[in-house]
Amino acid sequence: MVNRILVTGGAGFIGSNLCEALLKQGHFVRCLDNFATGKITNLLSLIEQYPSSFQLIVGDIRKLEDCQKAVEDMEYVLHEAALGSVPRSINDPITTNRVNIDGFLNMLVASRDAGVKRFIFAASSSTYGDSPTLPKVEDVIGKPLSPYAITKYVDELYADVFARTYGMEYIGLRYFNVFGRRQDPHGAYAAVIPLFVKKFMAYESPVINGDGEYSRDFTYIDNVIQMNMLSLSTENQAAVNQIYNTAYGERTTLNQLIGYLKEYLGEFDSAIKDLKILHGPNRAGDIPHSLANIDKACKLLGYDPKYNMKEGLKEAVKWYWKNL
């Protein structure tokens, strides 16, 4: 069955991968992006390959009229547009709030008014805040530790209120440190894996924040795509209007990550294995450890992630070696 699906932030890392996967399945896909962090290069092959089933709208979710134009005639929304990065939100909380809360609310209102069937959105593991519980279970959260974390939690609250008040259907996906092809290694707020890869490939020493024993549930992009597809297609009413951890369910320290990267990149260039590692101070707003319990997604959505961290990292490294 062909669906009409809007992907906001579709020129970004996760958004462009979702657009591609949906187009391969035969759906009509509309992308909304203002290119603040997304890149047109992520979409060029899609524009070329799918001239009749892919549409790009350049617009900003902070403008209600842009959101209204984007959702017109759409059946589903995958809302990926946001300003990511904890440090960015600490440096500029106002812009993060405007995009992640005002923009989110605009998209909810536009989707409600357009009669969208289901609104699926990128939530964040940052919502767990200072909760020490491991693994992270959806209904146990702490106090947010950054402006970014606040915005992502507010989004969850808004979605729930819209479901109760207006009868909308939503599914929120708390992404845990997503990585993979097309994740941008450049810029001040690059994520840790592409940043480390870029450093190694330039024969420079990466800097680990802290002693390297902080840990994360690094999640390969294809697992995230699977969760979005399941969220779109599920007919299980118990699965709707829920928040889900979107992860693999394993913990990797930054020191382990560095070791894997040296090993996998070293297969292309052995000199990388000898590069030294530098250490800096811990980063403000960072939680020490993150690990997801994915039982809820497995039970209600049938989630079955195919790539563990090391398998995903091998694929990502191959992509960076070819494309960087």
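1. Asp 286 is buried at 18% relative accessibility (buried means under 20% relative accessible area, exposed over 50% and partly exposed in between, with a 1.4 Å probe and protein chains only). Its side chain meets that of Arg 283 in a salt bridge at 3.2 Å, N to O (a side-chain nitrogen of Lys or Arg within 4 Å of a carboxyl oxygen of Asp or Glu). Arg 283 is partly exposed, with a relative accessible area of 38%.

2. The model is predicted: local features need pLDDT of at least 70 and side-chain atom pairs count only at pLDDT 80 or more, whereas totals for chains, interfaces and linings use all residues. Residues are numbered from 1 along each chain as its sequence is written, and side-chain values use heavy atoms, with hydrogens and water left out.

3. The whole structure holds 14 salt bridges. In one of them, Lys 117 pairs with Glu 75, the closest N and O atoms being 3.2 Å apart. Lys 117 lies in the loop between helix H5 (93–114) and strand E5 (118–124), and Glu 75 in the loop between helix H3 (64–71) and strand E4 (76–79), so the pair ties together parts that are 42 residues apart in sequence (helices, H or I of at least four residues, and strands, E of at least two, are DSSP runs numbered from the N terminus). Lys 117 is partly exposed at 41% relative accessible area, whereas Glu 75 is buried at 18%.

4. A further salt bridge joins the side chains of Arg 118 and Glu 169 (2.9 Å, N to O). Arg 118 is buried, with a relative accessible area of 6%.

5. Glu 20, Lys 24 and Arg 182 are linked in a network of salt bridges.
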